[in-house]
Amino acid sequence: MTARYLEAKQSGLLAKRWEESNQFLSSCSLCPRQCGVNRLSGERGYCRAGHLAEVASYGPHFGEESVLVGCGGSGTIFFCGCNLLCSFCQNYAISHSEDQDCRIVSSPDLAAIMMELQEMGCHNINLVTPSHVVPQILAALPFAVDAGLFVPLVYNCGGYERIETLRLLDGIIDIYMPDAKFWAPESGLRYAAAVDYPERMREGVVEMQRQVGDLHIGQDGLADHGLLVRHLLMPDGLFEAQAIFQFLAEEISPNCYVNIMDQYRPCGELAGGGDTHAAISPAMHAAALQAAKKVGLSRLDRRDTAALIRRLLSL
Ligand code: SF4
């Protein structure tokens, strides 16, 4: 399947959406925080992003879902800053720190990174934490298309999105990969200072499904378009996980592809103590998988490390 942004470039949609998105930056309202800062003049809001995108690192990633990794890896671009800033973030140094090692990138620079990843053999461009840099991504894409980019574009976000911003990406993003982190407003408040997280997450996932539908996996075993939802199990979060699975099965699709992740570790501000200190037990992960199946979700991601090693060794 042809990447959507190629047609969008051809039709002029990409240029139109970039112009629209850029208007969000003068009084920033790209995400639900709606800080109102003028990022065009260098002001920074909650996410700490300025006018241009900043990249912490990029490269082929083999730890993502197997439908993104194949044998060439998923081409991850880790953007600095984040509009959610979870207290337990596993990428705390990238997302939270103000004195991190970030490279400011122009549109041609960002396009060149995308091309480098494609030329390295990555099967997709995986935009990690992209919500606060949507205009910058839209600005880079025409340069990348002109240089020959063709692999699917993955929008790998925390699930705290504004519908108005997501609509700018309609017809451009191939694969949406949002987190569905919390069901209870109290959890959104406690972990991310976002009491409206559950509401924004639900309406965002509905919009993403409307745009791209169920995840489609080609004969090569790789996803080329659609929705892939991640849920990171929290130590005290089985009840919330069940509610999220029910929402996905009933209001998104019983064919929704879901990755139930058990790798929670208390990082960031929560490293070193508190009631969220525990890791996820195998029993809890098994109970969550069971709960997802019980509500009718059958496309649950299984990380097959042995198959990945076999694929890499056969290259
Ligand atoms: S993208 Fe950043 S500056 Fe803009 S509204 Fe969200 S948190 Fe605030």
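These questions and answers walk through one predicted model.
Local features need pLDDT of at least 70 and side-chain atom pairs count only at pLDDT 80 or more, while totals for chains, interfaces and linings use all residues. Residues are numbered from 1 along each chain as its sequence is written, and side-chain values use heavy atoms, with hydrogens and water left out.

Q: How many helices and strands does the chain have?
A: Helices (H or I, at least four residues) and strands (E, at least two) are DSSP runs, numbered from the N terminus. By that count, the chain has twelve helices and nine strands.

Q: What percentage of the residues in the chain is buried?
A: Buried means under 20% relative accessible area, exposed over 50%, and partly exposed in between (1.4 Å probe, protein chains only). The chain has 315 residues, and the buried share is 55%.

Q: Which cysteines form a disulfide?
A: A disulfide is a pair of cysteine sulfur atoms within 2.5 Å. A search of the whole structure finds one. Its sulfur atoms are 2.0 Å apart, and the pair is Cys80 and Cys102.

Q: How many residues apart are Cys80 and Cys102?
A: Cys80 is in the loop between strand S2 (74–79) and helix H4 (92–95). Cys102 is in the loop between H4 and strand S3 (103–105). The pair links distant parts of the chain, and the separation is 22 residues.

Q: Is the link of Cys80 and Cys102 left-handed or right-handed?
A: The angle about the S-S bond is -110°. The link of Cys80 and Cys102 is therefore left-handed.

Q: Why does Cys80 count as buried?
A: The cut-off for buried is under 20% relative accessible area. Cys80 counts as buried because its relative accessibility is 7%.

Q: Which cysteine sulfur is nearest to that of Cys157?
A: Cys157 is in no disulfide. It counts as buried, at 2% relative accessibility. The nearest cysteine sulfur is 9.9 Å away, and it belongs to Cys82.

Q: Which residues have the most contacts inside the largest nonpolar core?
A: A nonpolar core is a set of buried Ala, Val, Leu, Ile, Met, Phe, Trp, Tyr and Cys residues joined through side-chain atoms within 4.5 Å. The largest has 77 residues. A second, separate core of nine residues includes Val67, Leu68, Ile175 and Ala223. In the largest, the residues with the most contacts are Ile77, Met114 and Leu248.

Q: Which backbone oxygen does the side chain of Asn83 reach?
A: Asn83 sits in the loop between S2 and H4. It is buried, with a relative accessible area of 4%. Contact means heavy atoms within 4.5 Å; leaving aside neighbours within four places in sequence, the contacts of Asn83 include Cys31, Tyr46, His132 and Tyr160. At 2.9 Å, its side chain reaches the backbone oxygen of Tyr160.

Q: Within what arc do the buried residues of H1 fall, seen down its axis?
A: In helix H1 (residues 4–11), Arg4, Tyr5 and Ala8 are buried. They line one face of the helix, because seen down the axis of H1 (by directions from the helix axis to the C-beta atoms) the buried residues fall within an arc of 90°.

Q: Which residues are exposed on the other side of H1?
A: The buried residues of H1 have cover that includes helix H2 (13–23) and strand S8 (223–232). On the other side, the exposed residues are Glu7 and Gln10.

Key: Polar contact = N/O pair within 3.5 Å; in protein donor to acceptor, adjacent residues only side chain to side chain.
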